[in-house]
Amino acid sequence: MKMKNLFEALNAQQRSVPQLPAQAKAKHISVLGAKTDPKHPFAGYMVGADESIEEGERNELDTPAVQAALRKMAERHKGEKWSKEQLAALGKRIAARGQNKKDVEETNFAQAGEVVGGVLGGIGGMALARGNKAGYVAGTAAGSAAGNAAGRWIDKKLEPKIGRDEVGATKPVVAEESITKEDIITKLKAKLGDYLSDISKEIKKDPDLVDKLAAKAPGDQMGPPVKTITTDDGHQIQIHGNEDDGFRISIKNKPATTKFANLDEAVMACEMYCAHRRSQTLNADYVEEA
Amino acid sequence: MLSDDLKTLLATEYAMAVKAQFFHWNVEGPDFAQLHEFFGEFYAEINDNAIDRTAEYIRTLDDYTPGSFERFLELSQISGQIKVPRARLMIEELLADNQTMTDLLNQCFASAEQENQQGIANFIAERLDAHGKHGWMLKAFLKDNRA
């Protein structure tokens with residue numbers, strides 16, 4: 001259905017926005033038999049939000065007139081960097097200006113039409129270029145809502161000419177480091193290899209390192225005593241250790257397995273042992289052998 | 001079964017000898033010299049006259065002889081002592097163990113006669129005489145001083 005017939009079927013109020021009459025029926029399209037993708041019968045008419053730019057609208061932007069307008073615009077704004085938001089805002093300003101008839105100036109129609117035709121890709125822009133004010137109003141109303149969508153289209157078309165950074169800049173795809181299981185294992189192996197190599201170097205420097213480490217194994221060396229207690233029968237009880245590692249007791253140079261958190265507890269244990277032995281001596285039916 | 005009774009006897013003899021030697025080492029007090037010698041003769045008599053012969057009689061019955069601390073602990077009817085008793089308590093304990101040994105020897109004698117093992121029965125009879133003598137001496141140490 002041609003644009004001219006559509007507008008004739010609408011009343012003045014309906015012409016303010018590109019809408020289809022209630023009785024409008026889509027033309028049947030034979031997809032299978034078509035050599036090329038047929039044009040959508042409702043292309044160019046707003047349906048829903050601004051993102052729902054119809055395929056027909058996209059095709060309208062590829063027309064020679066629009067391409068020419070784009071080239072003019074590119075030459076005019078060569079070297080400038082326009083963001084898509086700026087382009088969309090421009091389209092909206094033009095559309096808003098067009099709706100207010102007082103602001104419409106004859107001299108700006110052609111120029112505005114080029115911009116609209118190039119930026120918004122709207123039908124109204126092309127109509128304005130031909131001096132069709134009504135068509136411009138209808139087209140810009142549709143184009144204002146499609147300004148953002150058109151800006152995305154412009155990202156692709158104007159990107160090499162205007163500014164890669166601002167318009168449609170595609171950030172270089174940085175392949176995210178895909179962490180795979182093999183990578184983790186490789187890293188662990190590298191760390192382990194470094195660790196083992198460090199140990200081997202230390203052993204080469206000090207051949208007695210292994211013996212020294214073995215000698216420091218817990219339970220073998222308790223270090224010098226920090227306190228010595230003598231029992232009534234002359235035996236010595238020694239307390240070894242520190243606050244960090246704990247305290248251990250040795251009786252007659254035989255270390256006990258029990259560890260004490262602090263020195264007070266170790267001393268208390270020794271005193272209890274001495275008291276026990278003292279009571280055994282006084283009532284010495286049985287004496288501990290160990 | 002006689003061989004099983006003899007195995008029990010072997011382990012019990014071993015435990016008694018070890019305990020007597022333990023007392024021989026650790027006895028203290030005014031009677032130390034006498035008790036030290038007495039306990040020494042006590043365990044030496046068991047080692048020389050009982051342990052080896054009991055083991056060989058087990059072998060004559062075509063059975064294997066136990067020879068580890070673990071097996072002796074399983075079989076022995078006398079328990080060990082991990083503390084050091086006073087001298088008098090040492091004697092009292094050995095006296096009680098000697099009575100246990102006498103009861104076991106009587107059981108072994110009955111088994112030997114039942115299986116018509118006269119040689120083993122004779123051996124058991126000799127051991128009964130020895131432990132009878134040990135009992136006598138131990139009781140004498142416990143008597144109040146009659147001097």
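User: Which residues in H1(B) meet H4(B)?
Analyst: This is a predicted model, so what follows describes computed coordinates. On the H4(B) side, the contact takes in Met90(B), Glu93(B), Leu94(B), Asp97(B), Asn98(B), Met101(B), Leu104(B), Leu105(B), Gln107(B), Cys108(B), Ser111(B) and Ala112(B). The residues they meet in H1(B) are Leu2(B), Asp5(B), Leu6(B), Thr8(B), Leu9(B), Thr12(B), Glu13(B), Met16(B), Lys19(B), Ala20(B), Phe23(B) and Asn26(B).

User: Are H1(B) and H4(B) roughly parallel or roughly antiparallel?
Analyst: H1(B) covers residues 2–26 and H4(B) residues 87–114, and their axes come within 10 Å. The crossing is left-handed, at roughly 165°. Angles over 145 degrees count as roughly antiparallel. So the pair H1(B) and H4(B) is roughly antiparallel.

User: What about H2(B) and H5(B), how far apart are their axes?
Analyst: H2(B) spans residues 32–60 and H5(B) residues 118–142. They pack at about 165°, so they are roughly antiparallel, and H2(B) passes H5(B) in a left-handed crossing. Their axes are 11 Å apart.

User: How many charged residues are in the contact of H2(B) with H5(B)?
Analyst: From H2(B), the contact includes Phe38(B), Glu45(B) and Arg53(B), and from H5(B) it includes Phe123(B), Glu126(B) and Arg127(B). By class, there are 12 nonpolar and 5 polar residues. That leaves the charged group, with 4.

User: H2(B) also packs on H4(B). Are those two roughly parallel or roughly antiparallel?
Analyst: Their axes lie 12 Å apart, at an angle of about 20°. Angles under 35 degrees count as roughly parallel. H2(B) and H4(B) are therefore roughly parallel.

User: Which residues of H2(B) make the contact with H4(B)?
Analyst: The crossing is left-handed. H4(B) contributes Ala87(B), Met90(B), Ile91(B), Leu94(B) and Asn98(B). By class, the contact has 7 nonpolar residues, 1 polar and no charged ones. From H2(B) come Leu35(B), Phe39(B) and Phe42(B).

User: Now the two chains together. Which residues of chain B lose the most area to chain A?
Analyst: In this model, 9 residues of chain B touch 6 of chain A. Between them the chains bury about 680 Å², with 54% of it on carbon and sulfur atoms. Three residues together account for 60% of what the chain B side buries: Lys83(B), Val84(B) and Arg86(B).

User: What ipTM does the predictor give the complex?
Analyst: The pTM of the complex is 0.42. The ipTM is 0.74.

User: Which element of chain B has the lowest mean pLDDT?
Analyst: Chain B has a mean pLDDT of 95, with 98% of its residues at 70 or more. Among its elements, H1(B) is highest at 97. The lowest, at 93, is strand E1 (residues 83–85) of chain B.

User: And chain A, what pLDDT does it average?
Analyst: In chain A, 37% of the residues score at least 70. Its average is 64.

User: Over which residues of chain A is the pLDDT below 50?
Analyst: Where pLDDT is low, the predicted coordinates should not be read in detail. One such stretch has 65 contacts in the model beyond near neighbours in sequence, and another has 28.

Terms used. Residues are numbered from 1 along each chain as its sequence is written. Chains are lettered from A and ligands numbered from 1 in the order in which they are written. This is a predicted model: local features need pLDDT of at least 70, side-chain atom pairs count only at pLDDT 80 or more; totals for chains, interfaces and linings use all residues. Side-chain values use heavy atoms; hydrogens and water are left out. Axes are lines fitted to C-alpha atoms, for helices over the stretch in contact, and angles run from 0 to 180 degrees between N-to-C directions. Helices (H or I, at least four residues) and strands (E, at least two) are DSSP runs, numbered from the N terminus. Angles under 35 degrees count as roughly parallel, over 145 as roughly antiparallel, 65 to 115 as roughly perpendicular and the rest as oblique. A crossing is left-handed if the near helix is turned anticlockwise from the far one by less than a right angle, and right-handed if clockwise. Contact means heavy atoms within 4.5 Å. pLDDT is the predictor's confidence in each residue, from 0 to 100. Buried area is the accessible area (1.4 Å probe) that two parts lose on being put together, summed over both. Ala, Val, Leu, Ile, Met, Phe, Trp, Tyr, Cys and Pro count as nonpolar, Asp, Glu, Lys and Arg as charged, and the others, Gly among them, as polar.
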